[in-house]
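Please look over the sequence and the structure below. A short report on selected features follows.

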Amino acid sequence: MAVYLLVTLDTKADEARAVRDRLHELGIDVRVVDTGCLGETPWRADVTRESIFAAAGTSVREMQQAGDRGQAVTAAAVGAAAVIEAAFAAGKLSAVMGLGGSAGTTIATTAMQRLPIGIPKLMVSTLASGQVRPYVGDKDIVMVNSVVDIAGLNRISRQILSNAAAAMAGMVQHRQPVQADDKPLVAATMFGVTTPCVEHARRCLEQAGYEVLVFHATGNGGQAMESLIREGEIAGVLDVTTTELADELFGGDLSAGPDRLTAAAVAGIPQVVSVGATDMVNFGPRDSIPGRFADRQFFVHNPTVTLMRTTDEENSQLGQTIGCKVAQSTGPTEVFLPLQGVSAIDRTGQPFDSPSARKRLFQALVEHAGSVPCHSMDCHINDPAFAEAMAHRLVELIQSHPPASKIGG
């Protein structure tokens, strides 16, 4: 198996050669993949640009005639992803590495995102010191800041590229083998304000013989969980913290996208759902909040995180959204509602306490949940009794609806 090195050879041939040669020195087999198009290729790659664009349903000639760089990048990303997926499926690929600026980063990370978690993925990029979520997505992609532009070799770029190659070699040569484990995997969602609930529920699930993957509900966390569910890795879901839907609906910073709370429903695996942290929409520093929210209630969690209280009307919309999503479930699904508060700051004496908002949330959810059972408990979401009730019910659902094939570590 080989490391597939994705690079536009028309602009970064010297850098590609340096990384390839360094990986060879470290005992790593390399296949260079040329994702360039508009310029001349100084030397022939192991996987040619013609192969890449053919995999995208077009050709280098068509792209060159069009003369549209954006179109070429899009096609190269599609083709590279197809080639990388095929190489992995054929057992030829051990890891993926990329070099590039904005175009090269888009192309290479699009391909990387098509691979399972655990396959080494490393991107040396001019964009690595900025907002990298569009490139990393919900996968384990290592972003290395190139510091200087990837435009020729110099004393800085040589060191950065050499270090990156060494890191790639280390991940390949010392990759930990997947350990067989008969414990089924349960996914759970947590936020700081729902931590006591999830921690207590996790212990209950572990005592029952499950391995628990806890995802931080910060947008990327929810996306990663949904991705693993779609890949068939999860036996059941304890979706305590559905706050990402509030950000999606009302313009917060931590949205997991419109498909949040859908993967388990489609897959038909058991899920127990609650409304953790739906009392809040998440923003950055206080002075970064859009002006249209000037008259809203805020809580400064820390200098970089500001929380906005969801209104009664927004809670009705949230309840309707969650209810409609769980109603689409093809597998066993139940909802648990904590009547005394949905987060650490939504309870008597706390800044986001609002019985009216909770009432609107719960009513709308129950109204739109269809035949899905909704259990109202006269306790707070972080009370041990609430966590235990959710965890124990999930165990019962999993045991009464075993997966068709083994799911686990």
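## Aromatic pairs

The count of aromatic pairs comes to three. This is a predicted model. A pair of aromatic rings is described by the distance of the centres and the angle of the planes.

Take phenylalanine 283 and phenylalanine 293. Their ring centres are 5.4 Å apart and their planes stand at 50 degrees, so this pair is tilted. Phenylalanine 283 belongs to strand β10 (residues 280-283), while phenylalanine 293 sits in the loop between β10 and β11 (298-302), so the pair ties together parts 10 residues apart in sequence. Both phenylalanine 283 and phenylalanine 293 are buried.

Phenylalanine 336 and phenylalanine 386 also form an aromatic pair. It is edge-to-face, with 6.4 Å from centre to centre and 80 degrees between the planes. Phenylalanine 336 is in strand β13 (residues 333-338) and phenylalanine 386 is in helix α14 (residues 384-400), so this pair ties together parts that are 50 residues apart in sequence. Phenylalanine 336 has a relative accessible area of 6%, so it is buried. Phenylalanine 386 counts as buried because its relative accessibility is 0%.

## Charges over rings

Which ring does the charged end of arginine 20 sit over? The ring belongs to tryptophan 43, and the charged end lies 5.0 Å from its centre.

Arginine 286 places its charged end over the ring of phenylalanine 298. Here the distance to the ring centre is 4.1 Å.

## The largest nonpolar core

The largest nonpolar core has 35 residues. Those that touch the most other members are Tyr4, Leu6, Phe53, Ile84 and Leu93.

Several elements give two or more residues to this core: strands β1 (2-7) and β3 (93-100), and helices α2 (49-55), α3 (60-66), α4, α5 and α6 (133-136). Which element provides the largest share? That is α4, with 10 residues.

## The second largest pocket

The second largest pocket has a volume of about 260 Å³. Its lining is made of 19 residues. Nearest its centre lie Thr8, Asp10, Thr11, Arg69 and Ala103.

Three helices each supply at least two lining residues of this pocket: α1 (9-25), α4 (69-89) and α5 (102-112). By class, the lining of the second largest pocket has eight nonpolar residues, eight polar residues and three charged residues.

## One cavity

How many cavities of 30 Å³ or more does the structure hold? There is one.

The lining of the largest cavity consists of Glu15, Val124, Ser146, Val148, Asp149, Ile150, Ser157, Ile160 and Leu161. Helix α7 (residues 155-173) gives the most to this lining, with three residues. The lining of the largest cavity divides into five nonpolar, two polar and two charged residues.

## Positive phi in two loops

Most residues other than glycine have a negative phi. Leucine 261 is not a glycine, yet its phi is positive, at about 70 degrees. Leucine 261 lies in the loop between α10 (244-250) and α11 (263-267). Is leucine 261 buried or exposed? Leucine 261 counts as buried, because its relative accessibility is 4% and buried means under 20%.

Alanine 277 is not a glycine either, and has a positive phi of about 65 degrees. Its place is in the loop between β9 (271-273) and β10. With a relative accessible area of 0%, alanine 277 is buried.

## Contrasting loop residues

Lysine 139 lies in the loop between α6 and β5 (142-145). Its relative accessibility is 9%, so lysine 139 counts as buried. Lysine 139 and alanine 224 are 85 residues apart in sequence. In space, they are 7.1 Å apart, C-alpha to C-alpha.

Alanine 151 is found in the loop between β5 and α7. At 56% relative accessibility, alanine 151 counts as exposed. How far apart in space are alanine 151 and glycine 101, and how far in sequence? Their C-alpha atoms are 9.4 Å apart, and 50 residues separate them in sequence.

Conventions: Residues are numbered from 1 along each chain as its sequence is written. This is a predicted model: local features need pLDDT of at least 70, side-chain atom pairs count only at pLDDT 80 or more; totals for chains, interfaces and linings use all residues. Side-chain values use heavy atoms; hydrogens and water are left out. On a 1 Å grid over the protein atoms alone, a cavity is a set of points where a 1.4 Å probe fits but cannot get out, and a pocket is an open set with protein on both sides within 12 Å along at least five of seven lines; lining residues have an atom within 4 Å of a point. Grid points are joined across faces, edges and corners, and a volume is the space filled by probe spheres set on the points. Helices (H or I, at least four residues) and strands (E, at least two) are DSSP runs, numbered from the N terminus. Ala, Val, Leu, Ile, Met, Phe, Trp, Tyr, Cys and Pro count as nonpolar, Asp, Glu, Lys and Arg as charged, and the others, Gly among them, as polar. Rings of Phe, Tyr and Trp (its six-membered ring) pair if their centres lie within 6.5 Å; planes under 30 degrees apart count as stacked, over 60 as edge-to-face and the rest as tilted. Buried means under 20% relative accessible area, exposed over 50%, partly exposed in between (1.4 Å probe, protein chains only). A charge sits over a ring if NZ of Lys or CZ of Arg is within 6 Å of the ring centre and within 35 degrees of the ring normal. A nonpolar core is a set of buried Ala, Val, Leu, Ile, Met, Phe, Trp, Tyr and Cys residues joined through side-chain atoms within 4.5 Å.
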